[in-house]
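Keep the viewer open as you read.

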Amino acid sequence: MKQIILLRHGQSLWNLENRFTGWTDVPLTQLGEEEARRAGEKMLAAGIAPDFYFTSVLKRAIHTLQIAAEAMDRDWVPVIKDWHLNERHYGALQGLNKAETAAKYGEGQVRDWRRSFDIQPPLLTPDDPRYPGKDPRYASLTDDELPLTESLKDTVARVRACWEEIIAPRLHNYDSVLIVAHGNSLRALATMLLHKTATEVTEMEIPTGSPWVFTTDDRLKVTSTRYL
């Protein structure tokens, strides 16, 4: 039996301000820090003791993991930070207020950008200050790997690579892993674990700071799920 725990980071500053965040590196709010602490306490109370961690390279996920690990007194557990677990890249929408964007472009258009499976938001240009190629944490990525925007379908594809090449192999040696990431990257993982359709994944909601526990057999077939 294996345990895979998915944890969406606590509330971030741009969650609070209702902005499209994507790959923009914004901090947790005070509430977000408390959500992370409570998540760790819930896992501790449930007897869950992850022996490997995975997270994105964005601080709201990293700090959520650090706070939750401290609450479990498991700061020493090894961790892999991987950009494949980043939030979906929202292209030129990043930083924009969602309500103001809906007023400008129409609620239907913004709903398509946010909730469709294969429609991409408007692209960034490489000379845009928000372009990830300017960030040292992505210095090793090729131009093909650096997104200018992403659909949910694109996000599922890159998260799948992380799952198959990095996470799943370690589940041969570890019985319990904690993955702290973002709404869309965790939605992608849940889609793979639960074999969801494109329609089902777009309707999936994952709350912040709530550990989602998947129990699997040794072949990583899910046998049960529960939120703590």
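Two strands pair if DSSP finds at least two bridges between them. Strands (E, at least two residues) and helices (H or I, at least four) are DSSP runs, numbered from the N terminus. This is a predicted model: local features need pLDDT of at least 70, side-chain atom pairs count only at pLDDT 80 or more, and totals for chains, interfaces and linings use all residues. Residues are numbered from 1 along each chain as its sequence is written, and side-chain values use heavy atoms, with hydrogens and water left out.

Start with S1 and S5. Strand S1 (residues 2-8) pairs with strand S5 (residues 212-216) in the antiparallel sense, over five bridges. Lys2 has Thr216 of S5 as its bridge partner.

Now the whole sheet. Six strands form an open sheet with mixed pairing, in the order S3-S2-S4-S1-S5-S6. Strands S3 (79-81) and S6 (222-227) stand at the edges with a single partner strand each, so one side of each has no neighbour in the sheet. On average, neighbouring strands are turned by 15° against each other, direction ignored. Axes here are lines fitted to C-alpha atoms, for helices over the stretch in contact; angles run from 0 to 180 degrees between N-to-C directions.

Helix H6 (residues 152-170) packs on this sheet and touches S1, S2 (52-55), S3 and S4 (176-181). Contact means heavy atoms within 4.5 Å. The direction of H6 makes about 160° with that of S2.

Look at S2 next. S2 pairs with S4 in the parallel sense over four bridges, and Phe52 stands opposite Val177 in S4. S2 also runs parallel to S3, joined by three bridges. Thr55 has Lys81 of S3 as its bridge partner. Between S2 and S3 the chain passes through helix H3 (residues 59-71), in a right-handed β-α-β crossover. Right-handed means that, with the strands pointing away from the viewer, the path from the first strand over the helix to the second runs clockwise. Both faces of S2 are covered: Phe52 and Phe54 on one side, Tyr53 and Thr55 on the other, are all buried. Buried means under 20% relative accessible area (1.4 Å probe, protein chains only).

Technical notes
Buried < 20%, exposed > 50% of the residue type's maximum accessible area, 1.4 Å probe, protein only.
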